[in-house]
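Good morning, and thank you for coming. I would ask you to keep the sequence and the model in view while I speak.

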Amino acid sequence: MAIEVRIPTILRTHTGGAKTVQGSGDTLGTLIDDLDAQHSGLKGRLVTEGALHRFVNVYVNDEDVRFTGALDTAVKDGDAVTILPAVAGG
Amino acid sequence: MARFDSLVDSLGGTPLVGLPRLSPSPEVRLWAKLEDRNPTGSIKDRAALYMIEAAEKEGRLQPGATLLEPTSGNTGISLAMVARQRGYQLICVMPENTSIERRQLLEMYGARIVFSPAAGGSNQAVAMAKALLTQNPELVMLYQYGNEANARAHYDGTGPEILADLPTITHFVAGLGTTGTLMGAGRYLREKVPSIQVVAAEPRYGELVYGLRNIDEGFVPELYDETVLTTRFSVGPREALRRTRELVEFEGIFAGISTGAILHAALAMADKALAAGTPADIALVVCDGGWKYLSTGAYAGTLEEAEAALEGQLWA
């Protein structure tokens, strides 16, 4: 098993158009490193100066990682990770 | 009191009702704040009235003025009603992928609608409204995403009302859009009940809505302060629809789809409390009724059909 990561339209240029990709890691940070090794350039779009980009939201099993440790959030096989750009509501 | 000088004066003071059949145990209870019982049928009436009154006090809003506001619907409807009562005009910038009911209500209240492309979501509506304001500086933009009166409406109203009705509150769960409800009521409740958990439920739309050209076109409302929140959940259309239907089936409450997303997050918190063996009184917001969403197909057919019908629509 691996960790399934949903990629938003805007970042699929890095994944050859794939909507979901698989990766591995113990934390969100190491998972992103693994994804970047497979899909070059992805990390640069998600992380700036060691933190998640202001307009990028990442959810592990639907919970916003900014409330669970950000890049240090623990992840494990079978988790579902969703990446989304920040959009307005209201 | 049930007698008021006018419709606008009847705003707020909405009921908090128990959800005995959806609550997992007698010790872990859910309570719904029925914000559909406001003048135009949504929680946005509170923010609209506060923002207009603040602008009047500051002298930003003169008789005969024209308001301009980016909105996916409910705020526009609330502003349109108050504006008409007070002699203002309103132009709404709204994504074209919003329900037909919202358009008809806005037009009935006398608002003009400028449509923004579906592919840009609400972000595009915000950008278009800002551009229109630059070209037409005589317009008045209250700007719900950054207007402190939006959050203050909930700090002064929604928050105190909930605490008065539920002094044993342990969790407050609401939707995250402009962030006004969570920032205002959340701050108030934190001050009074330091141990409270403030939980955001954020609707996750179909891909079309996230069709930005680049990440830097992303948008975080100026009102948003993540330190007010305990946590934040993203809830997709399937779960939101399922919970919206459960709310009708088990409790008789016919709510809009974003309320289903909020109920989903509230039930997750209830499950955690139950598993931990701790009592909980969880207050959640019913943002609006289901009426404005009938045409989306959300309430007809199977969940799969309803989810397919919602694809690409801004349902909250």
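I begin with B:Ser42, which is found in the loop between E2 and H1 of chain B. Please bear in mind throughout that this is a predicted model.

Is B:Ser42 buried or exposed? With a relative accessible area of 0%, B:Ser42 is buried, because the limit for that class is under 20%. Leaving out residues up to four places away in sequence, B:Ser42 touches B:Glu35, B:Asp36, B:Asn74, B:Ser78, B:Cys287 and B:Asp288. B:Ser42 and B:Val286 are 244 residues apart along the chain, yet their C-alpha atoms are separated by 8.5 Å. The side chain of B:Ser42 also has a polar atom 3.1 Å from the backbone nitrogen of B:Lys44.

B:Thr40 lies between strand E2 (28–34) and helix H1 (44–58) of chain B. Its relative accessible area is 15%, so B:Thr40 too is classed as buried, the limit being under 20%. The side chains of B:Thr40 and B:Ser78 are joined by a polar contact of 3.5 Å. Beyond its neighbours within four places in sequence, B:Thr40 is in contact with B:Asp45, B:Ile77, B:Ser78, B:Met81 and B:Tyr109. B:Ser78 is likewise among the residues that B:Ser42 touches.

Let us now turn to the domains. In chain B, the assignment gives domain 1 as 8–37 + 158–310 and domain 2 as 44–135. The C-alpha centres of these two domains of chain B lie 24 Å apart. The area buried between domain 1 and domain 2 of chain B is about 1,600 Å², and carbon and sulfur atoms give 54% of it. On the domain 1 side, B:Val8, B:Leu11 and B:Lys292 supply 37% of the area buried against domain 2, more than any other three residues.

Polar and charged groups also take part here. Between domain 1 and domain 2 of chain B there are two salt bridges and ten residue pairs in polar contact. A salt bridge joins B:Arg46 and B:Glu161, with the closest N and O atoms 2.9 Å apart. B:Arg46 and B:Glu161 also belong to a network of salt bridges that links them with B:Lys33 and B:Glu35.

Next, the interface between the chains. Here 33 residues of chain B are in contact with 26 residues of chain A. Together, chain B and chain A bury about 2,600 Å², 55% of it on carbon and sulfur atoms. The interface of chain B and chain A holds two salt bridges and eight residue pairs in polar contact. On the side of chain B that touches chain A, the elements giving two or more residues are helix H4 (121–135) and strand E8 (231–235). Strand E8 of chain B provides the largest share of that side, four residues.

Which residue of chain A meets B:Arg204 in a salt bridge? The partner is A:Asp62, at 3.0 Å from N to O. B:Arg204 is buried, at a relative accessible area of 9%, whereas A:Asp62 counts as partly exposed, at 27%.

Why can B:Arg242 and B:Glu246 be about one helical turn apart? They are separated by about one helical turn because they are four residues apart in helix H7 (residues 237–251) of chain B. B:Arg243 and B:Glu246 are three residues apart in this helix, again about one turn. B:Glu246 is buried, at 16% relative accessible area, and B:Arg243 is buried at 14%, while B:Arg242 is partly exposed at 30%.

Key. Residues numbered from 1 in each chain as written. Chains lettered and ligands numbered in written order. Predicted model: local features only at pLDDT ≥ 70, side-chain atom pairs only at ≥ 80, totals over all residues. Heavy atoms only, no water. Domains from an automatic or database assignment. Buried area = accessible area lost by both parts, 1.4 Å probe. Salt bridge = Lys/Arg side-chain N within 4 Å of Asp/Glu carboxyl O. Polar contact = N/O pair within 3.5 Å; in protein donor to acceptor, adjacent residues only side chain to side chain. Buried < 20%, exposed > 50% of the residue type's maximum accessible area, 1.4 Å probe, protein only. Contact = heavy atoms within 4.5 Å.
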